[in-house]
Amino acid sequence: MRPKVALFVMLAVLVTLIVLPASASASITLTPKEKRVVSLINKIRANRDLPKLWVKPCLVRAARAHSAEMGAQQYFDHDSYNGETFSRRLIRHGYRRAGYSYWKVGENLAWGGGLYSAPEVVVDRWMHSRTHRAIILTKTFRNIGIGVKVCEAGYCGCSAPVTFFTLDLGRRIQ
């Protein structure tokens, strides 16, 4: 009987070591500004009878990394500093195409200082841009990731801190 108990304990420990770290890394906590962007976008979508977007941790990590990179490297573009496209960046961060029959992504970017770094202003600017609004209102999207990063060094002639926003949206169907 003791060997069976020992085997059970070892299996339980192994499962704990394998499952818990994966679950812990799968969850993510949004900052207040990130939460506000998600809330505003979901409210806009709800007002148009569009499905709610669910936060996908891998999209948040991709968006945060891109906002941080734009601030650190002092550029503003959907492509990464090394030339990687935004879709390749999303795949690299875990929003993979493999194993899915349908895969679609979209991205919005913004930056601003002072009052122009408020989530309400950023989302309003996106909604007043035909192309940015189209991404937010894409009916098929179900997942959202947002990354907000303050760059203390400023940007583009602005010496005061500015905030970079990266919004990644997507949908995968198996």
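**Reading the terms in a predicted model**

The protein chain of this predicted model has six helices and four strands.

Me: Why is Thr 138 called buried?
Reply: Buried means under 20% relative accessible area. Thr 138 has 16% relative accessibility, so Thr 138 counts as buried. Thr 138 sits in the loop between helix 6 (130–136) and strand 3 (143–151). In the protein chain, buried residues make up 40% of the 174 residues.

Me: Which residues does Thr 138 touch, not counting residues up to four places away in sequence?
Reply: On that count, Thr 138 touches Arg 45 and Lys 104.

Me: Which residues of the largest nonpolar core touch the most other members?
Reply: They are Val 37, Ile 41, Val 123, Trp 126 and Leu 167, out of 21 residues in this core. At least two residues each come from helix 2 (32–47), helix 5 (119–127), strand 3 and strand 4 (162–173). Helix 2 gives the most, with five residues. Another core, of nine residues, lies apart from it and includes Cys 58, Leu 59, Ile 91 and Tyr 95.

Me: What does Leu 167 touch, not counting residues up to four places away in sequence?
Reply: Among the residues Leu 167 touches are Val 37, Ile 41, Trp 126 and Ile 144.

Terms used: Residues are numbered from 1 along each chain as its sequence is written. This is a predicted model: local features need pLDDT of at least 70, side-chain atom pairs count only at pLDDT 80 or more; totals for chains, interfaces and linings use all residues. Side-chain values use heavy atoms; hydrogens and water are left out. Buried means under 20% relative accessible area, exposed over 50%, partly exposed in between (1.4 Å probe, protein chains only). Contact means heavy atoms within 4.5 Å. A nonpolar core is a set of buried Ala, Val, Leu, Ile, Met, Phe, Trp, Tyr and Cys residues joined through side-chain atoms within 4.5 Å.
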